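Have the viewer open while you read.

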Amino acid sequence: MTTAGAAAVAAPGPALPGVPIEVSAQSGIDIVPPPAEAVRETGSWFAHGTTLELLPDGSGTFARWVGAFDGDRIALRLIPAPGEPTVAEIIGIETVGEGALAPGARPGIGGLVTISFGEGVRTAHVEWTSGPERLSVDLCPAEGLDAATMETLRCGA
């Protein structure tokens, strides 16, 4: 009975019988941190039929609703990116009922969403691209605002 070397077992792709596969460590390649390490903010935001939920595990949901049974839920996975905005990759889109986003405003899987957070009052500015269009929405935190602040920020339901 023979045993395969660790390099042969760990190597990706098919291995030819009896041919050793070498795996070399390449310098200069950064290891991408998991989504949980890309989290800069967590919590819930909303404005006029739009919600955003960011979780500590690096996942999230962005949703647009025109009614109780019509909307689009977009599943997000936060990814590391330089700079202040949080960047998320779209990993899934669920259209509920008739949906809420026009076909030209619905992003695709693999697309990017950028989220910027306000200073002072904790707000969120979300931008996404669909084809040639760049779309955005400003959101308020789901907790901690009184009616007057919600009116000023124009995020009341």
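## The core

A nonpolar core here is a set of buried Ala, Val, Leu, Ile, Met, Phe, Trp, Tyr and Cys residues joined through side-chain atoms within 4.5 Å. Buried means under 20% relative accessible area, exposed means over 50%, and partly exposed is in between (1.4 Å probe, protein chains only). With that in hand, the largest nonpolar core holds 25 residues, and Leu52, Phe62, Leu76, Ile115, Val126, Trp128 and Leu139 touch the most other members. At least two residues each come from β1 (43-47), β2, β4 (70-79), β5 (86-96), β6 (112-117), β7 (124-130) and β8 (133-141). The largest share of this core is the four residues from β8.

Contact means heavy atoms within 4.5 Å. Setting aside neighbours within four places in sequence, Ile115 is in contact with Leu52, Leu54, Pro85, Thr86, Ala124, His125 and Val126.

## Ground rules

This is a predicted model, so local features need pLDDT of at least 70 and side-chain atom pairs count only at pLDDT 80 or more, while totals for chains, interfaces and linings use all residues. Residues are numbered from 1 along each chain as its sequence is written, and side-chain values use heavy atoms, with hydrogens and water left out.

## The chain overall

Two helices and eight strands make up the secondary structure. Both kinds are DSSP runs numbered from the N terminus: helices are H or I with at least four residues, strands are E with at least two. Reading from the N terminus, the order is α-β-β-β-β-β-β-β-β-α.

The chain has 157 residues, and 27% of them count as buried. Its accessible surface comes to about 10000 Å², with 57% belonging to carbon and sulfur atoms; areas come from the Shrake-Rupley method with a 1.4 Å probe, and for residues only the protein chains shown count as cover. Of the contacts between residues at least 6 apart in sequence, 40% join residues at least 24 apart.

## The barrel

The eight strands form a closed barrel, β1-β2-β3-β4-β5-β6-β7-β8, with antiparallel pairing. Two strands pair if DSSP finds at least two bridges between them. Between β4 and β5 there are nine antiparallel bridges, and Arg73 stands opposite Glu94 in β5.

β1 has two pairings to look at. It pairs with β2 over five bridges in the antiparallel sense, where Ser44 stands opposite Glu53 in β2. The hairpin of β1 and β2 has two residues between the strands, and His48 takes a positive phi near 35° there. β1 also pairs with β8, again antiparallel, over two bridges; the bridge partner of Phe46 in β8 is Cys140.

## Two residues up close

Is Thr86 buried or exposed? Thr86 counts as buried because its relative accessible area is 1%. This residue sits in strand β5. Beyond four places in sequence, Thr86 is in contact with Arg40, Leu78, Val113, Thr114, Ile115 and Phe117.

Now for Leu55, which is in the loop between β2 (50-54) and β3 (59-67). Leu55 counts as partly exposed because its relative accessibility is 33%. Not counting residues up to four places away in sequence, Leu55 touches Val39 and Thr42. Gly43 is 12 residues away along the chain from Leu55, and their C-alpha atoms are separated by 6.5 Å.
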